Amino acid sequence: MSPFKISWKSIWSKPLSSGLNIMLIAFGTGILTILLLASTQIEEKLNNNSKDIDLVVGAKGSPLQLILSSIYYIDFPTGNIPLKDANELSHNPFVKRATPLALGDNYNGVRIVGTDSNFISLYGLKLQSGKFWNADLEATIGTNVAKEQNLKVGDTFFGAHGLTENKDLHKDHAYKVAGILAPQGNVTDNLILTNIASVWKMHEEDVMEDGKGKMEDGTGNREITSLLIQYRSPMSVVMFPRMVNQGTNLQSASPAMESTRLFSLIGVGVDTLQWFAILIMLIAAISVFVNLYNSLKERSYDLAIMRTLGASRTKLFVIIILEGLILTIAGTIVGVALGHMALELIAHYQESSQAKLTGMVFITSEVYLLLAGLAIGIFASIIPAMQAYRSNISKILAKN
Amino acid sequence: MISLKSVVHSYKDTKPISFKDWQINNGEQWLLLGESGSGKTTLLHILTGILKPKQGEVNINQTSIYSLSSKNLDQFRGRNIGIIFQRPHLIKSLTIAENLLLVQSFAKLPEDHKRIDEVLNSLDIIHKKDAYPSTLSQGQLQRVSIARAVINKPALLIADEPTSSLDDKNATAVLELLMEQSGLNQATLIVATHDKRVKDAFTHTYSLA
């Protein structure tokens, strides 16, 4: 009979205390798993979506809001900017490529983005079927949009006013699905792309009705929402943002800086939760230690009997260490599984499709959680195991 | 042959106890008689290799047990000495069969289910093979503890106060079982007790003053 089986059966003979220990460790590990998965996925999304964009230029306001609305499509834009000013900036010698964005409409909550062919090269978009948008009111949709909205090439749909789902449809102009993007693994999976003229067309009526359309200034001057800039040279990093912020009525925001700022803001909460989870893990380790230590007192006679039956000191040491390890590793595995399930549940209720998280991915850092479980197991059982190793069986037997 | 030669032991702050020399031929059945506090348990622990005497030598079948390394002594004990305690202390988390398998594995012997069945059969508790100790009566537990002691066919079978808490009828029954099992397994039997009721059952007696 192996020491593992002896330890295993000993754990099963105390289901309540063993269950409590496993639950405590699982709870701590579960929180750590959620934090690990969520922060990794958020960081990945931030990096994936902004990797080739050096600067975003838009209306004055919060730079973070500008980044969130123009790169991650999860906030409202800070306003619109004149197309004339945007064109001037696009031709600036510091700029290699400028991609215009015109936001303002949605389809069932999915953002409709008016842009040009620069957007295709900026994100390296590939088609799954159909073609890229070309004529007015043609749309190329992200792979998730096609799946979730049940749209296919040739289908038509009406955009609605605003960036969140509502009933204010532009019923005079139907978009036609020209193509579906292959999965990109970034924000474009959840977007509807069209040309800027289509977005303007939708809002011409607004101009006619109330004289102040979203994409026009009422005098026929066109507007867009923002510009995604790629620099021509490293020199641009220093010169161009200053030029925009000081020389124009526009605002520039760096995705790298704002993402870092955003992450440090989230980071405070993440750190707090992380310490909380570590505290729970520590309590769990102490609980396993107390459990083993107390059970050792109760089992000292059992262990002495085992020695009289021929068990070596080392065997008793291994049996106790294994008990600690089985408890903590079981707790860690349950915790990792719970963490994944909880994150998947959170993702299910997430409103924003752009920042969608998932519990169905495994990352290599999770191995560290298992290693932490191992370390806690050894930490919690080493003292009881040493005591079992050193116990004076003659004394214990004589006492009993 | 089992022999005890010039053995002296002392605990901290107590007077040393000298044990008279003792020679036991294989297969003999001995009574170790002595009042409480006379050193019976100490002598049993010395004989079983769990308490090294301050001086003297213990030989079991030509092996000087205290010259063995700690690991080898543990294995030697597992293979050659079977111990029955006053209370039949079994491992509660294991079934009866597993309690016996445990003894085989500690002695590094192959798992022998046939032998387990044979011993449990001879003690009339085969039907409790897969039961847990908590479901057995005191008498059944005592039988299992005897089964555990003889499972590896030890050369020496030692029982520490096996009858002291039993009434006359049960004391006789346990003693008969012990003698029967030591005979069946060709083991030397030493029964340590202060219970004078069992005196007549033995032809050899080692008395402690």
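Student: In which order do the five strands of the open sheet in chain B run, and what is the pairing?
Tutor: This is a predicted model. In chain B the order is β7-β8-β9-β4-β10, and the pairing is parallel.

Student: Why is one side of β7 and of β10 in chain B left without a neighbour in the sheet?
Tutor: β7 (81–84) and β10 (204–207) of chain B stand at the edges, and each has a single partner strand, so one side of each has no neighbour in the sheet. On average, neighbouring strands of this sheet are turned by 20 degrees against each other, direction ignored.

Student: What makes β4 and β9 of chain B a pair?
Tutor: Pairing requires at least two bridges between two strands. Strand β4 (residues 29–33) and strand β9 (residues 188–193) of chain B have five bridges, in the parallel sense, so by that definition they pair. One of the residues involved is B:W30, whose bridge partner in β9(B) is B:I190.

Student: Turning to chain A, how many helices and strands does it have?
Tutor: Chain A has 12 helices and 12 strands.

Student: Why is chain A called more spread out than a compact globule?
Tutor: For 400 residues the globule rule gives 21 Å, and the radius of gyration of chain A is 30 Å, well over that value, so chain A is more spread out than a compact globule. Along the principal axes, the C-alpha atoms of chain A fill a box of roughly 105 × 45 × 35 Å.

Student: What separates the centres of the two domains of chain A?
Tutor: The domain assignment gives domain 1 (3–46 + 262–399) and domain 2 (55–253). Their centres, taken over C-alpha atoms, are separated by 49 Å.

Student: Which residues of chain A carry the annotation "transmembrane region", and what is the chain there?
Tutor: The unreviewed UniProt entry places that annotation on residues 20–38, 275–296, 316–347 and 367–389 of chain A. Residues 20–38 of chain A are 100% helix and 0% strand, with end C-alpha atoms 27 Å apart. Over residues 275–296 of chain A the values are 100% helix and 0% strand, with 31 Å between the end C-alpha atoms.

Key. Residues are numbered from 1 along each chain as its sequence is written. Chains are lettered from A and ligands numbered from 1 in the order in which they are written. This is a predicted model: local features need pLDDT of at least 70, side-chain atom pairs count only at pLDDT 80 or more; totals for chains, interfaces and linings use all residues. Helices (H or I, at least four residues) and strands (E, at least two) are DSSP runs, numbered from the N terminus. The radius of gyration is taken over C-alpha atoms; the globule rule is 2.2 Å times the number of residues to the power 0.38. Domain bounds come from an automatic or database domain assignment. Axes are lines fitted to C-alpha atoms, for helices over the stretch in contact, and angles run from 0 to 180 degrees between N-to-C directions. UniProt positions are given in the numbering used here, feature names are shortened, and annotations may be inferred rather than shown by experiment.
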